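Hi,

Here is the structure I promised to pass on. Have a look at it first, and my notes follow below.

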Amino acid sequence: MTNQPDSYDGDVTLTGHEDAPVALRDPEDVFLRTDSVDGDLEVRNAEYVFSHQPTGDASPGDPETVVSGDLGDGYAEPGGVTGDAVVADAEDVFVAAGTASGDLAVVAPENVYSDDVDAPRDPDDYDVSLTGWKQSGTASDPDTGVRVSGAHHDVTVEKARTDLDVYVVGHDHDVEITGRGASVSVHLLGYDNTVTLGPYLSGEVVADTGFDNEVVEEPYPVEELIETSKDEAFDRAGFGRRKVTYQVPAEGDDWCPNCGEPADAIVARHQMEAFFVFGYPLKTYDQSTNPAKECEHCSRSAFDASLSERERKDVLK
Ligand SMILES: [Zn+2]
């Protein structure tokens, strides 16, 4: 046992091999994951603290291990500290939900952003899991979601079909998810993070703790609700007295007048009876004056999320 400082150079990751309590002195940024401290945690004199664990009083024991030196960033993995921990004089400290099994105290910070948030999943239970600096990850047909900790990670997930959790800890991360008919629960802790959700997904921001984070939900493309455009309908009409039906994008509505939902894409369904000459309506007999409107939620042209791709192909046959 020693309480003499161990001198380190560069980034350090606590993995449970150090005798606890552990003190981390004068690091740059520190990223603590869910279940990483099996005891109390005290954060002293940090510039910024971002926490999803509620703050209160903690009484960590005297350190058995002191990690100091010319430190870069500090990381603690699940099981990283087998007792109490102290982080002193860091720049930014990110405390994920459920980091410490004991209490968390934040002493003399310059800035604190804190919310009481439950960890969405066990730490190992993600399709993509990144820790550190500037890594990238991808997944297709995911089951659970994405977790990133650190800075400047870049994650792309495709073909999401089941509900997912996205847990973003740190700064300057970029997570993009596309798929169909799934809901994505987003947890944000830190700053300058962006989560982008494709047009056929819905999103819920469970927590946004920090600043300058953004969740971008791409709009449903209105063209997908148009079965027959006006030009197509007129072309098909050919020559003679015909009844045609077509859809056009409805401008200016944020809410669907048909189903009452807030909508990205609303179309108006027109009917017209006219005498056509080479696709041109020479004489109009009847025209809908108050066309029915529908949106991505209530249109039968909208993708039915309950169907698999194969089922959808069968339906469209
Ligand atoms: Zn609607």
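What geometry does the site of the zinc ion have, given its 4 donor atoms? In this predicted model, the site is tetrahedral, with angles of 104 to 115° among those donors. For comparison, the ideal angle for four tetrahedral donors is 109.5 degrees.

The zinc ion is held by the SG atoms of Cys-256, Cys-259, Cys-295 and Cys-298, at 2.3 Å. Along the sequence, these donor residues follow the spacing C-x2-C-x35-C-x2-C. Cys-259 and Cys-298 link distant parts of the chain, 39 residues apart: Cys-259 sits in the loop between β21 (240-249) and β22 (266-277), while Cys-298 belongs to the loop between β24 (292-295) and α2 (309-316).

Now to the nonpolar cores. The largest one has 23 residues, and the members that touch the most others are Val-30, Leu-32, Leu-41, Val-43, Val-67 and Val-93. Several strands supply at least two residues each, including β1 (5-14), β4 (41-44) and β9 (104-107). β6 gives the largest share, 3 residues.

Another core, of 20 residues, lies apart from the largest one; among its members are Leu-130, Val-146, Val-175 and Val-184.

Technical notes: Residues are numbered from 1 along each chain as its sequence is written. This is a predicted model: local features need pLDDT of at least 70, side-chain atom pairs count only at pLDDT 80 or more; totals for chains, interfaces and linings use all residues. Side-chain values use heavy atoms; hydrogens and water are left out. Donors are N, O and S atoms within 2.8 Å of the metal (3.2 Å for Na, K and Ca); water is not among the atoms, so sites may look incomplete. Four donors count as tetrahedral if all angles lie between 85 and 135 degrees; four count as square planar and six as octahedral if opposite donors are over 155 degrees apart and all others between 65 and 115; anything else is irregular. Helices (H or I, at least four residues) and strands (E, at least two) are DSSP runs, numbered from the N terminus. A nonpolar core is a set of buried Ala, Val, Leu, Ile, Met, Phe, Trp, Tyr and Cys residues joined through side-chain atoms within 4.5 Å. Buried means under 20% relative accessible area, exposed over 50%, partly exposed in between (1.4 Å probe, protein chains only).
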